Structure formats: C-alpha cells, structure tokens
Amino acid sequence: MLRCLSGAWCMRVIEGNKSTWYFVLLVLVYVAYLVFGAVVFSLVESPYEDLLREDLGALKRQFLQDNECLSEERLEEFLAKALEASNYGVSVLNNTSENYNWDFTSALFFASTVLSTTGYGHTVPLSDEGKAFCILYSVVGIPFTLLFLTAVVQRIMVFSTRRPVDYVQRRWALSKSLVAGVHAGVLAIITMSCFFLIPAIVFSVLEEDWNFLESFYFCFISLSTIGLGDYVPGEGYNQKFRQLYKVGITVYLLLGLIAMLVVLETFCELQQLKKLRKMFYLKKERTEDRLNIIDHDHLSFSSVSDQAASFREYKTDLITDAFPIAANDGPVVR
C-alpha cells in the first residue's frame with residue numbers, strides 16, 4: 001500500500017513539474033556535450049602541439065649552435081618582444097612590414113568585427129586612449145548593432161519566408177508545417193552555397209596559403225561570430241588591392257551575418273521547434289490579481305444575468321395577470 005502511494009506521489013510530482021525535469025535533462029546533456037568536445041579537442045590537438053614544441057625547441061637549439069656569440073637570454077628577450085608585438089598585430093618579418101593595421105580600411109574592418117562581436121584578435125588597440133574608446137564604442141555600438149540587425153531581419157523575413165510560405169500554402173492547399181519545413185531547408189541550402197561554399201572557393205584563390213578547407217573554416221568561424229583569429233584575410237605579403245579587399249570582406253561579413261540570422265529565425269518559427277522549446281520553458285501562471293479580476297467580472301456578469309432573468313419573470317407575471325384568458329386559451333380575437 002505504501003509503495004503504491006509513494007509511486008503515485010512520485011508520478012504526480014513528475015507530471016506536475018515536467019518542464020523542470022526537461023530543463024535539468026537539458027543542462028546535463030549540455031554539460032556532457034561540453035565535456036565531449038573538450039575530450040575530442042584534447043585527443044586530436046595534443047599530439048600536434050607536442051610535435052610543434054619539439055620542432056620549435058630543436059630549431060632554437062640549432063640557432064644557438066650556429067650563432068655562439070648570441071646568448072640564450074638575449075634570444076629569449078628578443079623572442080618575447082617579437083611575440084608581444086605579434087599579439088598586437090605587428091610583425092617583425094620583412095614580408096609584412098608594408099601591411100598597416102590602422103589605415104582606414106583596416107580600422108573599418110576592425111570596427112565591424114567589434115560591433116558584430118566576431119573579434120578575431122589579430123589587431124587590438126595599442127594605446128590606453130584606444131582601449132578606452134573601444135569600450136565606449138562597444139557599449140553603444142553592440143546594442144545598436146543588435147537593433148539594426150533585428151530591424152533588417154524582420155523586414156527580410158516578410159519577403160523571404162512568410163509571404164512565400166503563405167502563397168505556396170494557399171496556392172496548393174498544403175500543410176503549413178510541411179511548406180515551412182521545406183522552405184527552411186531550401187533557404188539553408190541557398191545560404192550555404194552563397195555565403196559558405198562560393199566564398200570559400202574565392203578565398204582559396206585569393207589567399208595563397210589557404211586551401212578550400214581552411215577557407216570554408218574561416219567563413220564558418222566568421223559568420224558564426226566565433227572569430228578565433230587564426231585565419232584573417234588580407235594579411236598576406238603583397239596582397240593585391242588590399243584596401244578594396246578589406247572593404248569587400250567587411251561587406252561580406254555583414255551580409256553573411258544577416259543571412260545567418262534570417263535562416264536561424266526561419267527555423268525558429270517552425271512549429272516543431274516551437275514545441276521543442278516549450279518543453280524547457282516555464283509555464284506562464286496567472287497572477288492572483290488577474291484571478292480576482294476574472295472572478296469579479298464573473299460575479300458581476302452573473303448578477304446582471306440574474307437581474308435580467310428576474311425582470312423577465314416579473315414581466316411575464318404582469319402579462320398573465322392582465323390577460324388571463326389570452327394566456328390560457330390562446331390569442332384574443334377583436
């Protein structure tokens with residue numbers, strides 16, 4: 001008997017808090033996915049890191065042997081200074097000495113990465129004034145960019161998603177969920193082709209050191225606003241039309257980000273995904289004030305209904321008393 005009661009109580013608790021249990025499951029799955037990614041990255045990248053460390057150590061030892069007049073301390077000091085400058089986007093190599101990080105087009109590219117929160121990290125402010133301005137610029141610019149992108153995506157969605165789906169649904173009398181799903185898939189394929197595959201081919205041609213995989217990797221990392229900064233276009237030696245190239249990349253990143261948001265918004269409007277999201281959301285509860293208002297309105301309506309019914313009964317009694325024959329025997333003939 002106790003087992004039955006405890007089992008029934010547990011079932012009631014689970015049924016009454018489904019969204020909470022789904023949310024706990026979501027958290028556990030996310031943590032597991034995070035750990036899974038860490039394990040895979042560690043297993044894949046650790047051997048390459050160890051090999052690079054060995055090669056770099058061997059190269060350093062060979063350099064010191066070939067240059068006995070140079071002490072290891074002086075070499076370490078020079079390398080530390082060179083690496084620090086490289087972290088700020090300044091290289092000591094002769095083949096990059098003509099590439100400036102803060103001409104207008106490079107600064108425009110940097111501003112676009114800041115506002116879109118991509119942040120490659122290959123170029124950063126050097127001065128305290130620049131760092132302070134970057135903070136203020138981002139505080140105002142990032143919310144402004146979100147407002148701008150939201151307004152643009154909302155208008156594009158009308159022509160790219162809502163109207164086409166409604167037209168196809170009315171024209172061929174198909175299920176809206178089916179039409180919306182197919183449309184989302186087609187839109188994703190078009191976006192993938194126009195903003196990932198084709199640009200990857202273009203970058204693999206324009207960037208001498210990039211293959212197709214590295215170019216596609218750059219497109220995905222950039223448009224998903226991850227921005228690792230290990231691949232940045234326009235930084236090669238003797239890049240042709242570098243100024244125009246930087247402006248073109250800035251326009252590409254902005255248009256690609258808008259396209260990505262349109263695709264994500266299109267998928268978010270699918271009924272299947274809406275149902276999936278609702279599984280993890282808290283249910284909206286009516287407040288006590290609203291309940292009181294509803295009860296008050298119900299009582300008021302009931303009072304008015306009762307008064308109207310009483311008035312109709314009173315009116316019927318008056319007619320019956322005034323015309324007893326007509327009420328009992330039918331209509332009076334005059």
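**View 1. H6 passes H7 in a right-handed crossing.** This is a predicted model, in which local features need pLDDT of at least 70, side-chain atom pairs count only at pLDDT 80 or more, and totals for chains, interfaces and linings use all residues. Residues are numbered from 1 along each chain as its sequence is written, and side-chain values use heavy atoms, with hydrogens and water left out. Helix H6 covers residues 176-206, and its axis comes within 8 Å of the axis of H7. The two axes cross at roughly 135°. H6 and H7 are therefore oblique to each other. Axes are lines fitted to C-alpha atoms, for helices over the stretch in contact, and angles run from 0 to 180 degrees between N-to-C directions. Angles under 35 degrees count as roughly parallel, over 145 as roughly antiparallel, 65 to 115 as roughly perpendicular and the rest as oblique. A crossing is right-handed if the near helix is turned clockwise from the far one by less than a right angle, and left-handed if anticlockwise.

**View 2. H6 also pairs with H8, in a left-handed crossing.** The axes of H6 and H8 come within 10 Å and cross at roughly 160°. That makes H6 roughly antiparallel to H8. Eleven helices and zero strands make up the count for the protein. Helices (H or I, at least four residues) and strands (E, at least two) are DSSP runs, numbered from the N terminus.

**View 3. The largest cavity holds about 50 Å³ of space.** A search of the whole structure finds two cavities of 30 Å³ or more. On a 1 Å grid over the protein atoms alone, a cavity is a set of points where a 1.4 Å probe fits but cannot get out; a pocket is an open set with protein on both sides within 12 Å along at least five of seven lines; lining residues have an atom within 4 Å of a point. Grid points are joined across faces, edges and corners, and a volume is the space filled by probe spheres set on the points. The lining consists of Tyr100, Asn101, Ser106, Phe109, Phe110, His122, Thr123, Glu235, Arg242 and Lys246. H4 gives the most, with three. By class, the lining has three nonpolar, four polar and three charged residues. Ala, Val, Leu, Ile, Met, Phe, Trp, Tyr, Cys and Pro count as nonpolar, Asp, Glu, Lys and Arg as charged, and the others, Gly among them, as polar.

**View 4. The second largest cavity holds about 40 Å³ of space.** Ser116, Thr118, Ser222, Leu223, Thr225, Leu253 and Leu257 line this cavity. Helix H7 (212-223) and H8 each give two or more residues to the lining. Three lining residues are nonpolar, four are polar and none is charged.

**View 5. The second largest pocket holds about 300 Å³ of space.** It is lined by 14 residues, and Ala111, Ser112, Leu115, Thr250 and Leu254 are the closest to its centre. H4, helix H5 (128-172) and H8 each give two or more residues to the lining. The largest share, five residues, comes from H8. Ten lining residues of this pocket are nonpolar, four are polar and none is charged.

**View 6. Threonine 117 and threonine 225 have positive phi values.** Most residues other than glycine have a negative phi. Phi of threonine 117 is near 60°. This residue is found in the loop between H4 and H5. At 44% relative accessibility, threonine 117 counts as partly exposed. Threonine 225 has a phi of about 60°. Its place is the loop between H7 and H8. Threonine 225 is partly exposed, at 27% relative accessible area. Buried means under 20% relative accessible area, exposed over 50%, and partly exposed in between (1.4 Å probe, protein chains only). Of the 334 residues in the protein, 22% are buried.

**View 7. Methionine 279 sits in the loop between H9 and H10.** Helix H9 spans 271-278, and helix H10 spans 288-322. Methionine 279 is partly exposed, with a relative accessible area of 31%. The C-alpha atoms of methionine 279 and threonine 20 are separated by 8.9 Å. Along the chain, these two residues are 259 residues apart.
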